[in-house]
Amino acid sequence: MSQGQTSSSPCLGDALGRSIHYLRLSVTDRCNLRCTYCQSNAVHEFIPHEHILHYEEILRFVNIVHRLGIEKVRLTGGEPFVRKGCADFLFRLRQQFPSLDIRITSNGTLLEEHAALLKRIRVGAVNLSLDSFDAATFASITGRNFLPQVLNALEKLLAEGVSVKINAVALRGITEREIDNFLAFANTYGVDIRFIEFMPMGSSTLWNKQLFCPVSELLTLIGQRVELRPSPSDERFGGPARMFSMTGKKGRIGVISPLSNHFCHTCNRLRLTSEGAIRLCLFDDQEYALRPMLRDPAVEDAEIAAYLRRLCQTKPLGYDRLRAKKETAVAHSVMSGIGG
Ligand code: SF4
């Protein structure tokens with residue numbers, strides 16, 4: 001595709017030539033955990049219920065963007081299963097879009113009872129946020145003693161044959177201590193473990209250089225224990241993770257490095273927040289309200305599609321925002337409000 005996706009192209013794209021095929025869809029800003037790297041301990045004002053998109057409005061939006069080339073949709077939150085009716089919504093999403101690659105990011109605390117449904121709707125994979133296998137460390141990071149619920153959900157998902165990937169935020173002084181637990185878990189269950197760099201999101205973020213652990217250091221640490229070999233992504237619209245297989249072991253290790261080795265040039269994603277705003281980039285607080293259009297029966301789908309095309313043309317290179325930032329936070333929005 002030549003430089004800059006033109007508005008005649010069937011798919012969404014931007015002026016930098018990036019095609020957009022992946023939607024991160026936040027269905028709620030609420031969560032039953034209080035992870036230090038997400039919500040910090042700041043007083044968090046939840047979005048008023050009446051501003052949260054109705055499931056019908058989300059389905060309308062997915063229908064519009066699916067016809068614009070969005071083929072992968074990830075449900076996020078907050079914690080998606082905190083929202084009432086999330087399981088039914090997933091069922092309807094699959095019914096309406098049989099070929100859609102549906103993914104979920106969840107903290108796993110409410111997931112066990114939904115494992116069979118996720119298998120039935122052919123979820124592509126569940127990304128489970130799990131930063132520690134130690135109950136005390138888990139509680140100190142998340143603010144809750146819910147490690148058993150997460151591990152039970154993990155077992156149930158794997159027993160149902162649902163593909164699971166573990167997302168662990170790399171936290172200095174914590175993740176290094178847990179490396180052997182993560183490697184043992186990957187080998188025992190044959191799952192992907194991905195370490196994600198802590199991002200300075202949210203005006204009261206606890207991010208600081210002392211807590212920040214570049215994933216390259218974790219790769220070195222792991223490389224001292226096992227032989228790592230690059231492993232190509234198995235996804236059509238792969239994510240930003242660099243994957244490695246481990247010689248003689250099951251499972252894989254992945255790293256996601258938005259700060260130390262960014263991937264913005266290949267970014268293929270768009271975000272819809274739970275209050276119906278389009279966010280073109282994680283590191284850019286500029287959001288575009290879509291809820292009024294989605295709620296207005298007089299507004300045609302074609303009008304919304306045209307608006308989205310114009311918006312996507314302006315999608316920034318997030319890393320430029322990061323480099324230009326004058327304060328700790330690269331963006332004021334907290335992760336739970338925009339779906340990470
Ligand atoms: S920071 Fe922005 S441009 Fe970069 S990968 Fe994330 S969403 Fe894409």
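Figure 1. The model is predicted, with local features requiring pLDDT of at least 70 and side-chain atom pairs counted only at pLDDT 80 or more, whereas totals for chains, interfaces and linings use all residues. Residues are numbered from 1 along each chain as its sequence is written, and side-chain values use heavy atoms, with hydrogens and water left out.

Figure 2. The largest nonpolar core contains 79 residues, of which L23, L118, I166, F195 and L308 touch the most other members. Such a core is a set of buried Ala, Val, Leu, Ile, Met, Phe, Trp, Tyr and Cys residues joined through side-chain atoms within 4.5 Å, where buried means under 20% relative accessible area (1.4 Å probe, protein chains only). Helix 1 (residues 55-66) gives the most to this core, with seven residues; helices are DSSP runs of H or I with at least four residues, strands are runs of E with at least two, and both are numbered from the N terminus. Apart from this core lies another of 30 residues, including L33, V169, L259 and F283.

**Figure 3. The aromatic pair Y37 and F198.** The structure holds seven aromatic pairs, defined by ring centres of Phe, Tyr or Trp (its six-membered ring) within 6.5 Å; planes under 30 degrees apart are stacked, over 60 edge-to-face and the rest tilted. The rings of Y37 and F198 are edge-to-face, at 6.4 Å centre to centre and 70 degrees between the planes. Y37 lies in the loop between strand 3 (22-26) and helix 1, and F198 in the loop between strand 8 (192-197) and helix 7 (215-223), so the pair ties together parts 161 residues apart in sequence. Both Y37 and F198 are buried.

**Figure 4. The aromatic pair F133 and F182.** The ring centres of F133 and F182 are 5.1 Å apart and the planes lie at 70 degrees, so this pair is edge-to-face. Both F133 and F182 are buried. One aromatic cluster is formed by F133, F182, F185, Y189 and F195.

Notes:
Buried means under 20% relative accessible area, exposed over 50%, partly exposed in between (1.4 Å probe, protein chains only).
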